[in-house]
Amino acid sequence: MSRMVQCVKLDKEAEGLDMAPYPGELGQRIFENISKEAWQLWMGQQTILINENRLNVIDPEHRAIIEGEMKKFLFGES
């Protein structure tokens, strides 16, 4: 049986992720509050963000930009 979460992005109960998709506290927060469906939406948005802004995921400054955008997208945070 799938693990269900109350997804804060989609504002509904939906199937949860199988494991934390990101390290640390933020990863645990995503695991507990974001559905698989919302995570897939973010993955698409992240691809657009990386491509349009020519971000390099190896660069720590670029990773910080991506993380900030992820928080905005998933949780509505600045």
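Q: What should I know about the numbering and the cut-offs?
A: Residues are numbered from 1 along each chain as its sequence is written. Because this is a predicted model, local features need pLDDT of at least 70 and side-chain atom pairs count only at pLDDT 80 or more, whereas totals for chains, interfaces and linings use all residues, and side-chain values use heavy atoms, with hydrogens and water left out.

Q: Which residues of α2 are buried, and which are exposed?
A: An α-helix has 3.6 residues a turn, so residues three or four places apart point the same way. Helices are DSSP runs (H or I, at least four residues; strands are E, at least two), numbered from the N terminus. Buried means under 20% relative accessible area, exposed over 50%, and partly exposed in between (1.4 Å probe, protein chains only). In α2, A38, W39, W42, Q46, L49 and I50 are buried. Seen down the axis of α2, these fall within an arc of 105 degrees (taken from the directions from the helix axis to the C-beta atoms), so they line one face of the helix. On the other side, Q40, N51 and E52 are exposed.

Q: Which residues form the aromatic pair?
A: Rings of Phe, Tyr and Trp (its six-membered ring) pair if their centres lie within 6.5 Å; planes under 30 degrees apart count as stacked, over 60 as edge-to-face and the rest as tilted. The structure holds 1 such pair: W42 and F73, tilted, at 5.5 Å centre to centre with 45 degrees between the planes. The pair links distant parts of the chain, with W42 in helix α2 and F73 in helix α3, 31 residues apart.
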